[in-house]
Amino acid sequence: MTPTQTEAPQRRGTPEDADGTPVVSVRNLWKVFGPKADRVPGSEELCGLGRRELMERTGCTAAVRDVTFDVAPGEVFVVMGLSGSGKSTLVRCLTRLIEPTSGEVVFEGGDIRGADAKRLRELRRRKFSMVFQHFGLLPHRRVVDNVAFGLEIRGMSRAERTARAQEVVELVGLAGYENSYPDQLSGGMQQRVGLARALAGDPDVLFFDEPFSALDPLIRRDMQNEVIRLHHEVGKTMVFITHDLSEALKLGDRILIMRDGRTVQCGTGDELVGAPADDYVREFVRDVPRGDVLTLRWIMRPPADGDALDGPELGPDVVVREATRAVLAADRPVKVVENGRLLGIVGDEEILAVVAGREGGM
Ligand SMILES: Nc1ncnc2c1ncn2[C@@H]1O[C@H](COP(=O)(O)OP(=O)(O)O)[C@@H](O)[C@H]1O
Ligand SMILES: [Mg+2]
């Protein structure tokens, strides 16, 4: 790296930078509710029907339709969509709280659809944990005992589980409240207990189903920051469901957008904003401040004759907002360089086009 090159913000774990083995691999997953649900995924005719027609013809709802994705180690994978798009059904299928109708969910080399009761128990106790919108805390147990509950089920000794619970209580910022009861805590604090409980067993994957949707906006922002901080500290793989785009962009390494049970698009925030797959996604991302999400990769242009090529260098994944000052301050275009290779250049004009919302022919 040359001295003038600004370090690009680290992407936290896209599949490309992992060793290639996803933590969870979902293949052609379907969940159909209703009579003889099994026949729907295999039938080209029924698959082609919209929600209403399918219901009229078969009495079935296809909540998850042919969804495929991989979650990389350490990634925060967000599933986003409007209410009713199938997010909760999808995430529940991943842990078999709901039985999938067809498809595969591969974890540790095996399809969890084939897991027997014993394996499933092990998965739920040791490998996965879930945080829901409704905290599900036990009202007659103190914070520390709520947090330790899963460890108790595992048969951990009292001393050991109390020590572990205390550790995660501190990790989520609840030190001093160990002996409180849930109803003595605010909603945000109760959700911290939920987080601590999910972390206590040191799971491989944390599943969140709209955990902050019921919280006030400011508390919600605190909790989002808390998840980011925890993710940095414990580096867990997370699957996070939300209907809120700004939450998705803030937390997600990648985001899968669902509509009517299907995947509309799956990509990084800058991919969704820079290259929306269709009008539905375009509408979703319309009000996103583009400079906060797009990276230099999206706005650079090839150098032309007469462009000075001795300007400062930046990486392609630097967010436009972070590059604005450097680009405007330089008296020549900034070079976008990756691994010593010149990818393009960015001048004042490209930057100002984003700030004014004019780039990319918009
Ligand atoms: N147990 C069920 N029986 C029948 N339909 C269901 C059931 N659970 C969910 N659905 C339907 O599946 C669709 C997706 O629901 P859900 O997964 O809860 O969406 P989201 O979490 O995105 O709001 C909705 O149309 C919902 O009515
Ligand atoms: Mg839901």
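Q: Is Phe-69 buried or exposed in this model?
A: Phe-69 is buried, with a relative accessible area of 4%. Keep in mind that this is a predicted model.

Q: OK, and Phe-77, buried or exposed?
A: Phe-77 counts as buried, because its relative accessibility is 0%.

Q: How many aromatic pairs turn up in the whole structure?
A: A search of the whole structure gives six aromatic pairs. In one of them, the ring centres of Phe-69 and Phe-77 are 4.6 Å apart and the planes are at 10°, so this pair is stacked.

Q: And what about the rings of Tyr-280 and Phe-284, stacked or edge-to-face?
A: That pair is edge-to-face, because the planes are at 80°, with the ring centres 5.4 Å apart. Planes over 60 degrees apart count as edge-to-face.

Q: Where do Tyr-280 and Phe-284 lie?
A: Both are in helix α12, residues 279-285. They are four residues apart, which is about one turn of the helix.

Q: Which residues make up the aromatic cluster?
A: Phe-107, Phe-128 and Phe-207 form one aromatic cluster. Phe-128 also turns up among the residues nearest the centre of the second largest pocket.

Q: Nice, let's go to that pocket. How many residues line the second largest pocket?
A: Its lining has 23 residues. Nearest the centre are Arg-124, Phe-128, Ser-129, Met-130 and Gly-150. The space in this pocket is about 610 Å³.

Q: Which elements give two or more residues to that lining?
A: They are α5 (117-127), β6 (128-132), α6 (143-153) and α8 (187-200). The largest share comes from α6, with six residues.

Q: How do the lining residues divide into nonpolar, polar and charged?
A: The lining of the second largest pocket has 12 nonpolar, seven polar and four charged residues.

Q: Switching to ligand 1, which residues surround it?
A: Ligand 1 has around it Phe-33, Arg-51, Thr-61, Ala-63, Leu-82, Ser-83, Gly-84, Ser-85, Gly-86, Lys-87, Ser-88 and Thr-89.

Q: How far is the polar side-chain atom of Thr-89 from an oxygen atom of ligand 1?
A: The distance for Thr-89 is 2.5 Å. Lys-87 also has a side-chain N or O atom 2.7 Å from an oxygen atom of ligand 1.

Q: And which atom of Gly-84 lies 2.7 Å from an oxygen atom of ligand 1?
A: For Gly-84, it is a backbone N or O atom.

Key: Residues are numbered from 1 along each chain as its sequence is written. Chains are lettered from A and ligands numbered from 1 in the order in which they are written. This is a predicted model: local features need pLDDT of at least 70, side-chain atom pairs count only at pLDDT 80 or more; totals for chains, interfaces and linings use all residues. Side-chain values use heavy atoms; hydrogens and water are left out. On a 1 Å grid over the protein atoms alone, a cavity is a set of points where a 1.4 Å probe fits but cannot get out, and a pocket is an open set with protein on both sides within 12 Å along at least five of seven lines; lining residues have an atom within 4 Å of a point. Grid points are joined across faces, edges and corners, and a volume is the space filled by probe spheres set on the points. Ala, Val, Leu, Ile, Met, Phe, Trp, Tyr, Cys and Pro count as nonpolar, Asp, Glu, Lys and Arg as charged, and the others, Gly among them, as polar. Rings of Phe, Tyr and Trp (its six-membered ring) pair if their centres lie within 6.5 Å; planes under 30 degrees apart count as stacked, over 60 as edge-to-face and the rest as tilted. Buried means under 20% relative accessible area, exposed over 50%, partly exposed in between (1.4 Å probe, protein chains only). A residue is near a molecule or strand if one of its heavy atoms lies within 4 Å of it. A polar contact is a pair of N or O atoms within 3.5 Å; within protein, one must be able to donate a hydrogen and the other to accept it, and residues adjacent in sequence count only if both atoms are side-chain atoms.
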